Amino acid sequence: SKSSGSWDKETVEQFREETGLYPGSYTSLAVSSSGKPYISYYEYDINLDEGYLKYATLTSGSWVKEYVDKDADDDVGWYTSIALNEDGNPGISYYDGERQNLKYARRSGGSWSRETVASSDNTGIYTSLVYDGNSPRIAYFDVTAGALNYVSWSSSRWNFTTVASSREVGLSTSLALAESFHSLLVCR
């Protein structure tokens, strides 16, 4: 973080040789209006050749870390994007490398719930998540279709839109909301 013109640095989590765990890939950061940081990231287990989705937040001066999605024989948590809803609860969009689909996790009441959002062939890389109030909006790339897609939650279901279809469009997506219009997609 930067304050008073200089950068303050600290390690949230580091490689642990005795366990073979490498944390920190596919990192995403959200900050609350009070300045509290929330981080989502992928932790690779070199011994199992798979990884998991993790989450960290700074609470009372200490980093609290937990697994969001960790099932045996899975490789989940690539291309994470974290955002806070209007209630201040975090949500994370991410890619399930084992099943090759887009997933979404949200935290409420101290626990995480997870769901698969899109599961057609190889879809869900380069995710970007924002909230419109408490409704998630996700941009992502569908590798099989070669398409930049946008999905939004509307009271009881996910609504899908193809923004652009081209193998050249949709990599490294970024999504933002503005008050003057509904949503803005920025992509490579």
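Colleague: Which strands each supply at least two residues of the lining of the largest pocket?
Modeller: Strands β3 (21–31) and β4 (37–45) do. Strands here are DSSP runs of E, at least two residues long, numbered from the N terminus. This is a predicted model, where local features need pLDDT of at least 70, side-chain atom pairs count only at pLDDT 80 or more, and totals for chains, interfaces and linings use all residues. Residues are numbered from 1 along each chain as its sequence is written, and side-chain values use heavy atoms, with hydrogens and water left out.

Colleague: What volume does the largest pocket have?
Modeller: About 330 Å³. Of its 13 lining residues, the closest to the centre are Ser 1, Asp 8, Leu 29, Pro 37 and Trp 63. A pocket is an open set of points on a 1 Å grid over the protein atoms alone, where a 1.4 Å probe fits, with protein on both sides within 12 Å along at least five of seven lines; lining residues have an atom within 4 Å of a point. The volume is the space filled by probe spheres set on the points, which are joined across faces, edges and corners.

Colleague: How does that lining divide by class?
Modeller: Eight nonpolar, two polar and three charged residues. Nonpolar covers Ala, Val, Leu, Ile, Met, Phe, Trp, Tyr, Cys and Pro, charged covers Asp, Glu, Lys and Arg, and the others, Gly among them, are polar.

Colleague: And the second largest pocket, what is its volume?
Modeller: About 190 Å³. It is lined by 14 residues, with Asn 85, Tyr 104, Arg 106, Tyr 131 and Asn 134 nearest its centre.

Colleague: Which strand gives the most to that lining?
Modeller: Strand β9 (residues 101–108), with four residues. The lining of the second largest pocket has six nonpolar, four polar and four charged residues.

Colleague: Back to β4. Is Ile 39 buried or exposed?
Modeller: Ile 39, in strand β4, counts as buried because its relative accessibility is 11%. Buried means under 20% relative accessible area, exposed over 50%, and partly exposed in between, with a 1.4 Å probe and protein chains only.

Colleague: What does Ile 39 touch?
Modeller: Leaving out residues up to four places away in sequence, its contacts include Val 12, Leu 29, Tyr 55, Trp 63 and Ile 82. Contact means heavy atoms within 4.5 Å. Leu 29 and Trp 63 are also among the residues closest to the centre of the largest pocket.

Colleague: Where is Ser 32?
Modeller: In the loop between β3 and β4. Ser 32 is buried, at 18% relative accessible area, and its side chain makes a polar contact of 3.0 Å with that of Ser 34. A polar contact is a pair of N or O atoms within 3.5 Å; within protein, one must be able to donate a hydrogen and the other to accept it, and residues adjacent in sequence count only if both atoms are side-chain atoms.
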